[in-house]
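Dear colleague,

I am passing on the structure below, and after it you will find my notes on what turned up. Please read them alongside the model.

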Amino acid sequence: MSHTVKIGTRGSKLALWQAYHVEDLLKKAGMDTEIVLIDTKGDQVLDVSIAKIGSKGVFTQELEDQLQDGRIDIAVHSAKDMQSRLDEAFELIAFTEREQVNDVLLSNDKEISLSSTEKPLVIGTSSTRRVATLKHFYPHVKTVEVRGNLQTRIRKMEEGLCDALLLAFAGVHRMGYDDQIAQLLSLEEFIPAVGQGSVAIESAKSLDTELKKKIIQACNHPETEARLRAERAYLRVLEGGCSIPVFALASVEGEKLTLDGGIISLDGKKRIRLSVSGAKNAPERLGEQLAEQVLQAGGKEILEEIKKTIR
């Protein structure tokens, strides 16, 4: 009798889209599946910013508990929500093909633009990276904390909390809100969060080896994996969680991998951005190399300032 792969996921519409996407990939490979819904701290506490809840495992702890005791075989996450260091009992075994990585402005007003200074603009976001980037490039823009799933955020915007939402294109596209995109933001200014646009599959290291191999074969996209392993290595050295405004984006051309990334101070005044290139088959080394260069170029001081602020 074949094993039914139990897929753990959060219950939001976007998380379910991700789980069904992984389920489709597994089914195409001839595997039986079952989706298991799990509530996480990040879903329960909506009146406190993610940075204040504490970034480690806000959206993952409860899923990992069930991976550990075998109630689920894999957990499906938005790759950008994954903490930079996993507990040694777990590993990320696959990354699905990456969606377009840009941030977007979502609004009912299609004429809205960050560069417009004609009237005060209020942008809703819960990301310290996005807030700091706005302060750096668009200091005239005001921001307001907005949490909850995409549908909740859109409702809050429509109720007048803000003029637009600053979000990842991937989530907006997957939920079918493309027609509300007012502006696709430049990758020169808004370099995305590590992992943005990909779905990560996590398992316990103790998962059956043959089953693990089958899941990797069905779901993993090698180019995306190389890009994300470089970005995640960068994040790991900088110890960047949800509360630290770091950014990184890897791209692949043939056998060459280029990693572009940096850090920005919370007030937006200091922004360090550097780039390194190297062999695609050693992505982690490249991530570590970029992190060391960013730290030496003033990133260490910015990190220390941020950590003092958020303690």
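Is D65 buried, partly exposed or exposed? With a relative accessible area of 35%, D65 is partly exposed, where buried means under 20% relative accessible area, exposed over 50% and partly exposed in between, with a 1.4 Å probe and protein chains only. Please keep in mind that this is a predicted model, in which local features need pLDDT of at least 70 and side-chain atom pairs count only at pLDDT 80 or more, while totals for chains, interfaces and linings use all residues. Residues are numbered from 1 along each chain as its sequence is written, and side-chain values use heavy atoms, with hydrogens and water left out.

D65 belongs to helix α4, residues 61-68; helices (H or I, at least four residues) and strands (E, at least two) are DSSP runs, numbered from the N terminus. Although D65 and A204 are 139 residues apart along the chain, their C-alpha atoms are separated by 9.9 Å.

Turning to the sheet, 5 strands form an open arrangement in the order β7-β6-β8-β5-β9, with mixed pairing, two strands being paired if DSSP finds at least two bridges between them. β7 (142-144) and β9 (181-184) stand at the edges with a single partner strand each, so one side of each is left without a neighbour in the sheet. From one strand to the next the twist averages 30 degrees; axes are lines fitted to C-alpha atoms, for helices over the stretch in contact, and angles run from 0 to 180 degrees between N-to-C directions. Strand β6 (residues 122-124) runs parallel to β7 and is joined to it by 3 bridges, and in β7 the bridge partner of I123 is T143.

Helix α6 (residues 150-158) packs on this sheet and touches β5 and β8, its direction making about 160 degrees with that of β8, where contact means heavy atoms within 4.5 Å. Helix α5 (residues 128-137) lies across β5 (103-106), β6, β7 and β8 (164-168), at about 120 degrees to β8. The buried residues of α5 are R129, R130, V131, A132, T133 and L134, and what covers them includes β11 (246-253) and β12 (256-264).

Finally, the cysteines: a search of the whole structure finds 0 disulfides, a disulfide being a pair of cysteine sulfur atoms within 2.5 Å. C162 counts as buried at 7% relative accessibility, and C219 counts as buried at 4%.
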